[in-house]
Amino acid sequence: MSVLPFDQRDGFIWKNGELVPWKDAKVHVLSHGLHYGSCVFEGERAYNGVIYKSRQHAERFKKSAELLDFEIPYSVEEIEAAKILTVAKNNLTNCYVRPVAWRGSEMMAVAAQNAKIHVAIAVWDWPSMFDIATKMKGIRLDIAEYRRPDPACAPCASKAAGLYMICTISKHRAERRGYADAMMLDWQGRVAECTGANILFTKGGEIHTPIADCFLNGITRQTVIGLARDKGIKVNERRILPEELAGFEECFIVGTGAEVTPVAEIGPYNFVPGAISRTLVEAYAAEVQPKVLA
């Protein structure tokens with residue numbers, strides 16, 4: 001991926017109802033979203049020019065804002081249309097799509113009832129990160145020090161920017177230690193997710209994955225679980241303790257960026273990417289491609 005800073009790229013960004021030149025899509029330093037975390041976003045992909053599950057993402061985008069006590073001033077249909085327009089205007093076919101909404105600079109205190117809600121959509125080139133042969137080698141994960149918060153303490157069903165603070169810290173620590181990412185535990189010390197992807201394990205031909213009640217029930221997670229069940233693979237959504245990792249055979253993470261990526265190691269625990277991982281890597285790759293109508 002390009003190392004060109006994101007504020008120095010060319011193209012167009014949709015902002016508050018219109019396309020603006022990329023470098024003109026600016027935010028004031030005294031925006032409430034920057035200081036107090038009143039910001040939500042989505043992570044999506046377009047494959048061959050079609051945004052995968054665009055409507056589900058737009059609906060979650062709206063819901064995330066509601067959970068942070070503000071309303072995005074565009075309908076689901078308007079958000080979908082804006083995403084399509086932005087992808088087309090930037091002449092991209094396989095790309096990442098980033099809608100984001102935040103409270104503006106009208107008020108600078110914890111309370112910001114009258115701050116304007118801004119919405120922007122940016123897209124950039126982002127091909128699949130690995131080919132299947134590379135994926136099947138598996139990545140290495142660290143175990144994060146920070147934990148996902150108690151759902152009584154944070155709006156965990158929202159894709160809120162503030163909830164990713166501990167993810168950034170955890171991923172940086174993992175990368176400094178030579179890992180690709182980190183697996184996070186929940187507030188009670190049970191397996192939760194990675195810093196930007198959900199996690200699944202296999203044992204005896206079945207899948208086991210944590211219940212998504214203190215972290216985001218990812219759209220990719222839901223899709224992969226559906227694909228597995230369609231193929232006759234039993235999926236168990238349950239509490240998983242860290243010590244159980246020693247008894248699992250395969251592990252893989254799922255998310256917009258990761259798609260389906262097998263894992264070879266989590267701290268002291270080792271896994272061998274195998275048949276279920278490969279089946280779901282291939283099934284997901286086929287699933288996201290636009291369907292051709294006869």
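1. Strand β12, residues 206–210, is mostly covered, with 4 of its 5 residues buried. Buried means under 20% relative accessible area, exposed over 50%, and partly exposed in between (1.4 Å probe, protein chains only). Strands (E, at least two residues) and helices (H or I, at least four) are DSSP runs, numbered from the N terminus.

2. This is a predicted model: local features need pLDDT of at least 70, side-chain atom pairs count only at pLDDT 80 or more, and totals for chains, interfaces and linings use all residues. Residues are numbered from 1 along each chain as its sequence is written, and side-chain values use heavy atoms, with hydrogens and water left out.

3. Strand β11 (residues 198–203) runs antiparallel to β12, joined by 3 bridges. Two strands pair if DSSP finds at least two bridges between them. Thr202 faces Ile207 of β12 across the pair. The β11–β12 hairpin has 2 residues between its strands, and Gly204 there takes a positive phi near 60°.

4. Strand β13 (residues 235–238) is parallel to β12, with 4 bridges between them. His208 stands opposite Asn236 in β13. From β12 the chain passes through helix α6 (residues 219–230) to β13, a right-handed β-α-β crossover. Right-handed means that, with the strands pointing away from the viewer, the path from the first strand over the helix to the second runs clockwise.

5. Now Arg190. Is this residue buried or exposed? Arg190 counts as buried because its relative accessibility is 13%. Arg190 lies in the loop between β9 (181–185) and β10 (191–194). Leaving aside neighbours within four places in sequence, Arg190 contacts Met184, Leu185, Arg239, Ile240, Leu241 and Pro242. Contact means heavy atoms within 4.5 Å.
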